[in-house]
Amino acid sequence: MDWLNHLIWHGGKFLGITWSVWKVVGWVGNVIFSTRFFVQWYATEKKRQVVVPVAFWWLSLSGALLLLVYALKHHDSVFIFAYLFTWIPYIRNLVIHYRHAREQRVCRQCATKSMANANYCANCGAALTAKPVDAMSNV
Ligand SMILES: [Zn+2]
């Protein structure tokens with residue numbers, strides 16, 4: 001077990017890395033940004049079709065911003081440019097997602113969500129109300 005202890009913690013380094021606050025910021029950003037791939041993969045496998053869940057965009061945004069902060073701190077132009085503009089599509093996708101979710105209509109008969117322009121429920125055929133129903137008030 002000494003070899004394991006030597007591998008994990010040796011010479012004041014954890015996993016061979018000299019840690020600092022900025023190193024933690026960079027690694028947390030890296031872990032968050034990498035996690036998004038597993039979230040997207042899981043959602044796709046679960047639904048058996050390509051899905052990009054909203055969590056993917058939140059993980060992309062938060063991970064990329066942490067990595068940008070880390071890159072700015074270290075004045076790494078390659079790394080800065082890699083994350084300087086990525087937040088734009090992430091935020092745009094989040095805005096579109098929440099706008100779409102807000103405009104959906106919820107069937108009063110079966111609670112199935114439909115597109116904002118739908119007149120009838122795709123699940124049960126009930127007529128949908130003229131005004132979109134807030135998904136949270138469907139109790
Ligand atoms: Zn319905």
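Student: In this predicted model, in which handedness of crossing does α3 pass α5?

Tutor: The model is a prediction. The axes of α3 and helix α5, residues 87–103, come within 9 Å. Where α3 passes α5, the crossing is left-handed.

Student: Are α3 and α5 roughly parallel or roughly antiparallel?

Tutor: The axes of α3 and α5 cross at roughly 150 degrees. Angles over 145 degrees count as roughly antiparallel. The arrangement of α3 relative to α5 is therefore roughly antiparallel.

Student: Which residues of α5 meet α3, and how many charged residues does the contact of α3 with α5 have?

Tutor: On the α3 side, the contact is made by Val54, Trp57, Ser60, Leu61, Ala64 and Leu65. These meet Trp87, Tyr90, Ile91, Asn93, Leu94 and His97 of α5. By class, the contact of α3 with α5 has nine nonpolar residues, three polar residues and, as to charged residues, none.

Student: Why are α3 and α4 described as roughly antiparallel?

Tutor: Helix α3 spans residues 54–73 and helix α4 spans residues 77–84, and their axes are 8 Å apart. The two helices pack at an angle of about 155 degrees. Since the cut-off for this class is over 145 degrees, α3 and α4 are therefore roughly antiparallel.

Student: In which handedness of crossing does α3 pass α4, and which residues of α4 make the contact?

Tutor: The crossing of α3 past α4 is left-handed. From α3, the contact is made by Ala64, Leu67, Leu68, Ala71 and Leu72. From α4, the contributing residues are Phe79, Ile80, Tyr83 and Leu84.

Student: How many nonpolar residues are in the contact of α3 with α4?

Tutor: The contact of α3 with α4 includes no polar residues and no charged residues. Its count of nonpolar residues is nine.

Student: Is Thr44 exposed or partly exposed?

Tutor: Thr44 is found in helix α2, residues 21–47. Around Thr44, 14 other C-beta atoms lie within 10 Å. A residue is exposed at 12 or fewer and buried at 20 or more, so Thr44 is partly exposed.

Student: How far apart in space are Thr44 and Phe56?

Tutor: Not counting residues up to four places away in sequence, Thr44 touches Gln49, Val50 and Val51. Thr44 and Phe56 are 12 residues apart in sequence. Their spatial separation, C-alpha to C-alpha, is 12 Å.

Student: How far apart are the C-alpha centres of domain 1 and domain 2?

Tutor: The chain is divided into domain 1, residues 2–103, and domain 2, residues 105–139. The distance between the C-alpha centres of domain 1 and domain 2 is 36 Å.

Note on methods:
Residues are numbered from 1 along each chain as its sequence is written. This is a predicted model: local features need pLDDT of at least 70, side-chain atom pairs count only at pLDDT 80 or more; totals for chains, interfaces and linings use all residues. Domain bounds come from an automatic or database domain assignment. Axes are lines fitted to C-alpha atoms, for helices over the stretch in contact, and angles run from 0 to 180 degrees between N-to-C directions. Helices (H or I, at least four residues) and strands (E, at least two) are DSSP runs, numbered from the N terminus. Angles under 35 degrees count as roughly parallel, over 145 as roughly antiparallel, 65 to 115 as roughly perpendicular and the rest as oblique. A crossing is left-handed if the near helix is turned anticlockwise from the far one by less than a right angle, and right-handed if clockwise. Two residues are in contact if their C-beta atoms, placed from the backbone, lie within 7 Å. Ala, Val, Leu, Ile, Met, Phe, Trp, Tyr, Cys and Pro count as nonpolar, Asp, Glu, Lys and Arg as charged, and the others, Gly among them, as polar.
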